[in-house]
There are 2 protein chains.
Amino acid sequence: MVSFSDPFRLEIIDLMMDGEVCVCDIMKLTKLSQSRISYHIKILKEAGLISDRQDGRWVYYSLNKESLFLIKEWITSLTDYSSNRKRCCE
Amino acid sequence: MVSFSDPFRLEIIDLMMDGEVCVCDIMKLTKLSQSRISYHIKILKEAGLISDRQDGRWVYYSLNKESLFLIKEWITSLTDYSSNRKRCCE
DNA sequence: ATCATACATCAAAATATTTTGATATATCAA
DNA sequence: TTGATATATCAAAATATTTTGATGTATGAT
């Protein structure tokens with residue numbers, strides 16, 4: 001969740017919408033530098049949001065649907081549980 | 001989305017799960033300082049994630065279900081569109 | 001009118017994140 | 001085996017966010 005916190009990471013996530021991308025794809029599509037992309041990719045990977053698959057010199061990244069699903073479930077739980085019960089400092 | 005990026009904000013959001021809370025509630029439940037809470041509340045408010053309602057000296061905050069729903073839709077679009085089509089640097 | 005309470009705001013300090021540029025590693029092609 | 005490409009990693013610099021403590025504002029109680 002906390003790894004969603006950077007606009008460039010959101011951009012990278014959006015690029016993965018329609019399938020696998022390699023760092024070189026992201027470079028072409030975003031004009032970000034290579035090390036900058038690797039840095040953000042690392043954060044997304046550590047958060048479990050993306051998966052990687054190496055093929056030769058390329059590493060393909062794609063969204064990890066399961067973790068995205070878990071986040072959706074968390075958001076659902078936030079709103080569903082809410083009974084609008086009021087509370088305050090006694 | 002970017003406003004989810006702080007663990008204390010996530011904690012505050014979780015507290016709002018079961019209804020409205022005021023800053024004083026959050027203070028009691030988290031032991032964060034008042035100005036610290038106001039700071040995070042402000043960020044959540046600016047992101048449209050929470051709504052506020054004043055009642056006398058108290059301000060009650062609650063989750064904005066619509067904006068949470070929009071986030072869920074965005075996540076859904078990320079995974080649903082994905083046809084796992086491969087792509088690479090030509 | 002005065003005081004206490006609830007919360008907001010502000011500037012400075014503390015801390016964390018991001019960017020950059022250099023270098024490292026692995027793979028493939030020639 | 002040499003050279004080029006794809007990506008990772010690192011340390012320093014740049015930048016952004018968060019925390020703190022002080023002060024401000026509005027409300028309601030006495």
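Helices here are DSSP runs of H or I with at least four residues, strands are E runs of at least two, and both are numbered from the N terminus.

Before going on, I noted that this is a predicted model, where local features need pLDDT of at least 70, side-chain atom pairs count only at pLDDT 80 or more, and totals for chains, interfaces and linings use all residues. Residues are numbered from 1 along each chain as its sequence is written, while chains are lettered from A and ligands numbered from 1 in the order in which they are written.

Which element gives the most to the surface near DNA strand D? I found H3(A), with six residues. Of the 23 residues around DNA strand D, A:Cys22, A:Val23, A:Cys24, A:Ser35 and B:Gly56 come nearest. "Near" means that the C-beta atom, placed from the backbone, lies within 6 Å.

Then I turned to DNA strand C. Here A:Gly56, B:Cys22, B:Val23, B:Cys24 and B:Ser35 come nearest, out of 23 residues. H3(B) has the largest share of this surface, six residues.

Last, I looked at the sheet in chain B. Three strands form an open sheet in the order E1-E3-E2, paired antiparallel; pairing takes at least two DSSP bridges between two strands. E1 (21–22) and E2 (50–55) of chain B each have a single partner strand, so one side of each has no neighbour in the sheet. Six bridges join E2(B) to E3 (residues 58–63) of chain B, and B:Gln54 stands opposite B:Val59 in E3(B).
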